[in-house]
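Please consult the sequence and the coordinates alongside the text.

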Amino acid sequence: MNPTPDERQKRWRLLLGSAAEQKGNAGLCCLTGDDLVMDKALAAIYDEQGGGAKRGGLGPSCPNVARWLGDIRQYFPSSVVQVMQRDALDRLNLRQMLFEPELLQNVEPDVHLVSTLISLKNVIPAKTKETARIVVQKVVDDLRRKLEEPTRQAVIGSLNKAVRNNRPRHSEIDWHRTIRANLKHYQPDYHTVVPERRIGYGRKRSSLRDIILCVDQSGSMAQSVVYSSIFAAVLASLPAVNTKLVVFDTAIVDLTEKLADPVDVLFGTQLGGGTDINAALAYCQGLIRQPQETILVLISDLCEGGNAKEMLKRTATLVSSGVQTIALLALSDEGAPWFDQNHASAFAALGAPAFACTPDQFPDLMAAAIRKTDLTQWAAQQGITAARGH
C-alpha cells in the first residue's frame, strides 16, 4: 500500500530530524502526538548539534533511560529496537559502563541505575551480567533493610486488630488467656473463675488477607516496578497474608513464584512497551478467592493502551464484589509523574481511590487498607492529593 503525501512527509521529517525544520524546509510537516514521541526517541541518540557533538539525551544513571526504552519498544518493531539499543550503547557512552564490570562496580548504585540495568538486561554482555546482578542485589538489600521492618510492623499490627476475637466459639477459646484476664472475677465460694470475657485464638485460616500487586511495567513506571518488587517480597514473607505479584505491559507475567528473591523478580520484568490494564485486571480477577478479604493494588499511571471502557467496567465489577481496589499512580520517591487524570477521576468515582505515594508511606497505606480505613481520608491526612470522582 502506497503511503499518502502526508505520510511521506512525516517519514522524511523523522529521517532528517529536527534540524530539517530549523533549516527552513517548509514542505516538511511539524510532528504531533505519537509521531512526536517517536521523533524524540530517535533524536536522543541520532540528532547531532554543531561540530558533530552528540546530544546527550540519556546517561548511565539517568531515569529517562527506562522511559526511552519503553518508548522505542512501543513505537518500533523489535528488530529496530535492537539496533537502536546497540546504537545507544555506542553513541551515549552506556557501553563503557555495561561492558566493563570494574567500572560498573564503582558507580554509585541507586533505584535509577537498577531501572536502567533491568531495562537493558537483554543487551548486557555475559561477562557483565553477574556484576549487574550484584549491583542490583546491593540496591535491593539496602532498600529491603530500610523498608522491611516498617512494613512488617504496620501490616502485622493491623492484622492483629482486624482478627481480634472476643466472641469465640467454645472450641476456639484460649483458656489460659481467658483465665488470666478474668482472675479478678474469682468466686471463693465456688472455687472458680467466672469468665466475663472470653478470649479466642482468632481465625484458623492460613491467610487473613489476600493482597494482589498488579504492576504496570511500562518505561514511565520503572521506579515503581523496583519498589513494588521489594514490597511484594516482604509481604510474601508474612504468613498472615497471601501475596501475589503480577506485572504487565501488553503481556501479563505472574511473578508470584519468584517472590522469595526480589532480584529474580526484577530480572523477570521487562521494562517498557505498551499497556493493557484491562487484560491485567482480568487476569487478577481470576486470582480472587474471597473478594471481601482481597486488596488489589493497581500500580499504574492509568494510560490505557487497550480497551479503556472495559477497564472501567471491570474495575466497577471488582469494587462492587467487595474487592478493596486501589489505583496507585506511582510508588516512587518523586511522587506522581504524568498520569491520565480522566481515568484517575473515573476510578475514584467507582470507589477505587487513585493517588501516588512514596515508598516510606506504602507500609502505612497497606495497614490502612487492611483496617479498611477510608483511603481518601488517609491520603488527605498524609498530605497526598487524591483524584476526585466526576
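Which residues line the largest cavity? The lining consists of Asp210, Ile211, Ile212, Asn242, Lys244, Leu287, Ile288, Arg289 and Thr294. The model is predicted, with local features requiring pLDDT of at least 70 and side-chain atom pairs counted only at pLDDT 80 or more, whereas totals for chains, interfaces and linings use all residues. Residues are numbered from 1 along each chain as its sequence is written, and side-chain values use heavy atoms, with hydrogens and water left out.

**Cavity**

A cavity is a set of points, on a 1 Å grid over the protein atoms alone, where a 1.4 Å probe fits but cannot get out; lining residues have an atom within 4 Å of a point. Two or more lining residues come from each of strand 3 (209-216) and strand 4 (241-248), strands being DSSP runs of E with at least two residues and helices runs of H or I with at least four, numbered from the N terminus. Strand 3 gives the most, with three residues. By class, the lining divides into four nonpolar, two polar and three charged residues; Ala, Val, Leu, Ile, Met, Phe, Trp, Tyr, Cys and Pro count as nonpolar, Asp, Glu, Lys and Arg as charged, and the others, Gly among them, as polar.

**Cysteines and Leu245**

With a disulfide defined as a pair of cysteine sulfur atoms within 2.5 Å, the count is zero. Cys214 is in no disulfide, and the nearest cysteine sulfur, that of Cys284, is 3.6 Å away. The table gives relative accessible areas, with buried meaning under 20%, exposed over 50% and partly exposed in between (1.4 Å probe, protein chains only).

| Residue | Relative accessible area | Class |
|---|---|---|
| Cys214 | 0% | buried |
| Cys303 | 24% | partly exposed |
| Leu245 | 0% | buried |

Leu245 belongs to strand 4. Beyond its neighbours within four places in sequence, Leu245 has contacts (heavy atoms within 4.5 Å) that include Leu213, Val215, Val253, Leu259 and Val265. The C-alpha atoms of Leu245 and Cys284 are separated by 9.5 Å, at 39 residues apart along the chain.

**Whole chain**

The chain holds 17 helices and eight strands. Of its 390 residues, 48% count as buried. Among contacts with a separation of 6 or more, 74% join residues 24 or more positions apart.

Conventions:
On a 1 Å grid over the protein atoms alone, a cavity is a set of points where a 1.4 Å probe fits but cannot get out, and a pocket is an open set with protein on both sides within 12 Å along at least five of seven lines; lining residues have an atom within 4 Å of a point.
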